[in-house]
Structures are given as structure tokens and as C-alpha cells.
Amino acid sequence: MGNGMLSPTLPDLRNRLQVDYQDIALGFASLNAGIMSGGIVGGLCLDRVTNQGPLLALSSLVAAAAICALPLSPNLIAAMAFFCCFGFCAGFAETGRFIKP
């Protein structure tokens, strides 16, 4: 979901943060860590809730906010936090697709 949106913005993000591509790769590592942890937490939470719609909607809204805030991040640490937050919410929502009500 997010990798397709993030890839074209990498040169601009690299220029804004004044880092090289090796440092931007840390953002993708934090994105994947977020996806993994979001999938685990999402599975545990969504198994215990009967009405999963609000949780999935909230995770989609937070993911949208994180991906919109990513270009505005002032430094690499903030960008990595936005990458991780987006990944967590994307993993949460992706897990919710496979849980039957």
C-alpha cells in the first residue's frame, strides 16, 4: 500500500532531510518493523473485538495522517517515526482484511 506511494518521493525526501540514500533505507527498515508489529497487535486486538470497523477506520486515518506528515518531517528520526507509524497502521489494517466477522 505505502511502498508505491513512497518510492517516487525518495529524492525529494532525501534533499529535504539532507541525508543520503543509505540513511533513507533506515526509514524502510522502520516501515517494515511497523508492518510486522502492526500485524501482530492487529491480530490480537481484532480477535477480541466484535465490531472491527471503528478500529480499522482509525488505523486508516492514522496511516493517512502519517503518510501526509512524512514530507514535513524536520529530521531523519521524525521521518523514521512516521514510517513506523504508517507501517504499524498498514499492518493493522492488512490483518483486519483477513479476519472473518
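The model is predicted. A search of the whole structure gives one salt bridge, and the aromatic pairs number two.

**Helix α3**
- Helix α3 covers residues 21-48.
- Its 28 residues should span 40 Å at 1.5 Å a residue, and the end C-alpha atoms lie 41 Å apart, which agrees.
- The buried residues of α3 are I24, G27, S30, L31, G34, G38, G42, G43 and L46.
- I40 also belongs to α3, but I40 is exposed, with a relative accessible area of 51%.
- Together with M36 and L44, I40 makes up a nonpolar surface patch with about 320 Å² of accessible area.

**Salt bridge**
- D12 and R16 form a salt bridge through their side chains, with an N to O distance of 3.1 Å.
- Both residues sit in helix α2 (residues 10-17), four residues apart, so about one helical turn separates them.
- D12 is partly exposed, at 39% relative accessibility.

**Aromatic pairs**
- F28 and F83 form a tilted aromatic pair, 5.5 Å centre to centre with 45° between the planes.
- This pair links distant parts of the chain, 55 residues apart: F28 lies in helix α3 and F83 in helix α5 (residues 76-96).
- F83 counts as buried, at 3% relative accessibility.
- The ring centres of F88 and F92 are 6.4 Å apart and their planes meet at 35°, so this pair is tilted.
- F88 and F92 are four residues apart in helix α5, which means about one helical turn between them.
- F88 is partly exposed at 29% relative accessibility, whereas F92 is buried at 6%.

How values were computed:
Residues numbered from 1 in each chain as written. Predicted model: local features only at pLDDT ≥ 70, side-chain atom pairs only at ≥ 80, totals over all residues. Heavy atoms only, no water. Patch = residues over 30% accessible without salt bridge, like charges linked within 9 Å, V, L, I, M, F, W, Y side chains within 5 Å. Areas by Shrake-Rupley, 256 points an atom, 1.4 Å probe, with all protein chains shown as cover. Salt bridge = Lys/Arg side-chain N within 4 Å of Asp/Glu carboxyl O. Helix = DSSP H or I, 4+ residues; strand = E, 2+ residues; numbered from the N terminus. Buried < 20%, exposed > 50% of the residue type's maximum accessible area, 1.4 Å probe, protein only. Expected span 1.5 Å × (residues − 1). Phe/Tyr/Trp six-rings, centres within 6.5 Å; stacked < 30°, edge-to-face > 60°.
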